[in-house]
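Biologist: I would like to go through the labels used for this model and ask what stands behind each one. Please set the value beside the cut-off every time.

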Amino acid sequence: MSSEVSFETPYDIPALLTQIASNGGDLLKGGEEARQACLTAARKLQFALEKPTESILRARVAEPAHHAALRIAVDLGLFQKMAESGKKVTSVTHLAALTDADVVLLARLMKHLASMGTLYEGEIAGTYSLTPLSKALSQHKKFQEAIPLSFNVIGPSFAALPEYLQKTSYKNPHDDLSQIRYSKDHNQYCGPFQFAHNTPNDFWEWIAYRPERVCPFNNQMNDRVTGLSSWDDTQLRPLEEKLGKEAGDKDVPVLIVDVGGGKGRDLKAFHEKFSTLPGQLVLQDRASVLDDEEVKGLDDKIKVMEHDFFTPQPIKGARAYYLHSVLHDWSDEKCADIVANLKPAMTKGYSQLLITEHVIPDHGANWISTTLDMIMMCCFAGGERTVRDWETLLGDAGFKITSIKGCEPGTESLIEAELV
């Protein structure tokens, strides 16, 4: 029998194998670039080697089943109990006793979690140990909260998307709820989220009526970039010069206004790294977000202010106005309103508009960015934007983009703009 592998695929399998092997040495030395190169090649190799039936089974059943198994494991506190046992390898029988779950059921769930990479299966049948993912889920509450939040909120929106698009003649979802309130019962729909959850409310109104989900959602927004490059890393260091030295000797009463800044994660990180820059830092968001112990514990240099970004900006003449993952929630029309409320507060030639969001490339988009774009479509009828989209949006609003800085693929970019 021939040892050659023959698949109809645009991927060059020998070249991918060579690429993975050649990048292996660099990976062992460390470095994000080598990790990304190996990961990209490995994903392409999987796509190339999978048969269509395998790919369909993975997408149709294995991944949704994995999500369900993760949700059950989090509900049972399975990963925490594995970590608390103090043992490197834990048996299903022991875990069933700790969780009060049926041992047969738990064995089936853990086998699937292991086959999907969430657990390591031990050499002895029925024994498992933690992977980096399950270890993170055992330690971090915010990671644990992400699973039921996505399962209960985002999952139904994805499931309803095909039917929604069929009924709306495959129009790109739009976030305008002002014209008509939709319901499934009357065969009328506004966005995928409203259709899936059978609600007339937008996402923010809907979640506000569910207090048990507000805190987990806010936590996810506050911690959404954990482990990834963020705005205060290499992206922003050149901006430190602009915000500080290039401001000259001019008095800087307010350095940055973080508009819709959640619990202040970004401002806290910025202050820790650039504490010598002059001027106050201002955190703005809804009252329900700001009423949190984490916010109350922020440094005194960070002023906390309740503000709705659909209303005029009250802080005038700040050095920078910052929007992190705000505009992708809204249509171009709503974004124009948000930016229009900032313009009168800005000083031409001095104030900067800073936007941290994913910028989708025209070719070779990373799966993280495209996944987030799908989430924006389903939950907010919004979306991630390309460079051209940003140029059009900000140009029409009277701004000129001066720089777009990005780090590794799948992470957010920092967009710098100024008044024309």
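What follows is a set of questions on those labels, with answers.

Modeller: First the ground rules: this is a predicted model, where local features need pLDDT of at least 70, side-chain atom pairs count only at pLDDT 80 or more, and totals for chains, interfaces and linings use all residues. Residues are numbered from 1 along each chain as its sequence is written, and side-chain values use heavy atoms, with hydrogens and water left out.

Biologist: How many helices and strands does the protein chain have, and what makes a stretch count as one?

Modeller: The protein chain has 18 helices and 12 strands. Both are DSSP runs numbered from the N terminus: a helix is H or I with at least four residues, a strand is E with at least two.

Biologist: Why is Gln194 called buried?

Modeller: Buried means under 20% relative accessible area, exposed means over 50%, and partly exposed lies in between (1.4 Å probe, protein chains only). Gln194 has a relative accessible area of 10%, so it is buried. Gln194 sits in helix H9, and its side chain reaches the backbone oxygen of Asn201 at 2.9 Å. Over the protein chain, buried residues make up 46% of the 420 residues.

Biologist: Which residues of H17 are buried, and what covers them?

Modeller: The buried residues are Ser369, Ile375, Met376, Met377, Cys378, Cys379 and Phe380. Their cover includes helix H8 (141–167), helix H9 (192–197), helix H10 (203–208) and strand E9 (359–360). Contact means heavy atoms within 4.5 Å. Leaving aside neighbours within four places in sequence, Cys379 is in contact with Ile154, Ser157, Phe193 and Phe203.

Biologist: Why is Cys378 in no disulfide?

Modeller: A disulfide is a pair of cysteine sulfur atoms within 2.5 Å. By this rule the count comes to zero disulfides. For Cys378, the nearest cysteine sulfur is that of Cys379, 6.4 Å away. Cys378 counts as buried at 0% relative accessibility, and Cys379 counts as buried at 3%. Cys335 is also buried, with a relative accessible area of 0%.

Biologist: What makes E1 and E3 a pair of strands?

Modeller: Two strands pair if DSSP finds at least two bridges between them. The bridge partner of Ser91 in E3 is Thr127. Helix H7 (residues 132–139) packs on the sheet and touches E2 and E3, with its direction at about 75° to that of E3. Such angles run from 0 to 180 degrees between N-to-C directions, with axes as lines fitted to C-alpha atoms, for helices over the stretch in contact.

Biologist: Why are E1 and E2 called edge strands?

Modeller: The open sheet of three strands has the order E1-E3-E2, with antiparallel pairing. Strand E1 (90–91) and strand E2 (119–121) each pair on one side only. Helix H6 (residues 103–115) lies across E2 and E3, running at about 100° to E2.

Biologist: What makes strand E12 mostly covered, and which strands are joined to it?

Modeller: Six of the seven residues of E12 (residues 413–419) are buried. Five bridges join strand E8 (residues 352–357) to E12, antiparallel, with Leu414 as the bridge partner of Thr356. Seven bridges join strand E11 (residues 399–406) to E12, also antiparallel. E11 and E12 form a hairpin with six residues between them, and Gly410 in the turn has a positive phi of about 85°.

Technical notes: A polar contact is a pair of N or O atoms within 3.5 Å; within protein, one must be able to donate a hydrogen and the other to accept it, and residues adjacent in sequence count only if both atoms are side-chain atoms.
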